Each structure stands twice: as C-alpha cells, then as structure tokens.
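Please open the model in a viewer and keep the sequence at hand.

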Amino acid sequence: MGPLPKRKISKTRRDKRRSHDFLTPQHLVVCENCGEYHRAHYVCPKCGAYKGETVVEVNED
Ligand SMILES: [Zn+2]
C-alpha cells in the first residue's frame with residue numbers, strides 16, 4: 001500500500017471542490033467609479049477612486 005487515496009474522488013465531489021475556484025476572489029470589490037475589481041480598502045489602481053471618489057490622479061498612457 002502506497003500513499004494513495006483509498007477511493008477515487010467522484011466527479012460530483014471533484015466538481016464541488018472546483019466550484020469555488022472561479023468565484024470572485026475574496027477581498028476584492030468592484031470599483032464604484034470604473035467598475036474594475038480592486039482590493040477592498042485600497043484605492044482603485046485603474047482610476048484612482050476610493051469609495052466612488054477620485055482621490056489619486058492616475059495617468060493613462
Ligand atoms: Zn476604478
């Protein structure tokens with residue numbers, strides 16, 4: 001007996017595990033200004049807005 005699982009994981013169980021993989025990552029919020037995801041409690045790196053108000057000027061090249 002080697003270090004193998006006793007049972008093959010069923011398709012149902014495998015898919016249930018993977019069902020979490022593509023959900024919105026935690027600690028991300030949608031920017032109220034531009035709609036991009038950015039880290040919660042951080043200024044949006046895309047538009048420089050925080051809680052819907054522009055607080056940092058972002059240069060768009
Ligand atoms: Zn934004």
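## A guided tour

Begin by selecting Cys-47, which is buried, with a relative accessible area of 15%. The model in view is a predicted one, and Cys-47 is one of the protein donors of its zinc ion.

**The zinc site.** Next, display the zinc ion together with Cys-31, Cys-34, Cys-44 and Cys-47. The SG atoms of these four residues are the protein donors, and they lie 2.2 to 2.4 Å from the ion. What is the geometry of the site of the zinc ion? The site is tetrahedral, with angles of 104 to 115° among the four donor atoms. In the sequence, the donor residues follow the spacing C-x2-C-x9-C-x2-C. Cys-31 and Cys-47 link distant parts of the chain, being 16 residues apart. Cys-31 belongs to the loop between strand E1 (28-30) and strand E2 (37-39), whereas Cys-47 belongs to the loop between E2 and strand E3 (49-50).

**The loop between E2 and E3.** Remain in this loop and select Tyr-42, which lies there. Tyr-42 counts as partly exposed, at 43% relative accessibility.

With a relative accessibility of 68%, His-41 counts as exposed. Its backbone deserves a look, since most residues other than glycine have a negative phi. Phi of His-41 is near 70°, a positive value.

**The loop between E3 and E4.** Move on to Lys-51, which lies in the loop between E3 and E4. Here too phi is positive in a residue other than glycine, with a value near 55°. Is Lys-51 buried or exposed? At 63% relative accessibility, Lys-51 counts as exposed.

**The segment before the helix.** Turn now to Leu-4, in the segment before helix H1 (11-18). Leu-4 counts as exposed, as its relative accessibility is 69%.

**The whole protein.** Finally, zoom out and colour the model by secondary structure. The protein contains one helix and four strands, and from the N terminus on its elements run α-β-β-β-β. How far does the C-alpha trace span along its principal axes? The spans are about 60 × 20 × 20 Å. The radius of gyration is 20 Å, while a compact globule of 61 residues would have one near 10 Å. Of the 61 residues, 11% count as buried.

A last colouring, by pLDDT, shows the confidence of the prediction. The protein averages 88, and 95% of the residues score at least 70. Where is confidence lowest, and where is it highest? Strand E4 (residues 53-54) has the lowest value, at a mean of 88, and H1 has the highest, at 94.

Technical notes:
Residues are numbered from 1 along each chain as its sequence is written. This is a predicted model: local features need pLDDT of at least 70, side-chain atom pairs count only at pLDDT 80 or more; totals for chains, interfaces and linings use all residues. Side-chain values use heavy atoms; hydrogens and water are left out. Helices (H or I, at least four residues) and strands (E, at least two) are DSSP runs, numbered from the N terminus. Buried means under 20% relative accessible area, exposed over 50%, partly exposed in between (1.4 Å probe, protein chains only). Donors are N, O and S atoms within 2.8 Å of the metal (3.2 Å for Na, K and Ca); water is not among the atoms, so sites may look incomplete. Four donors count as tetrahedral if all angles lie between 85 and 135 degrees; four count as square planar and six as octahedral if opposite donors are over 155 degrees apart and all others between 65 and 115; anything else is irregular. pLDDT is the predictor's confidence in each residue, from 0 to 100. The radius of gyration is taken over C-alpha atoms; the globule rule is 2.2 Å times the number of residues to the power 0.38.
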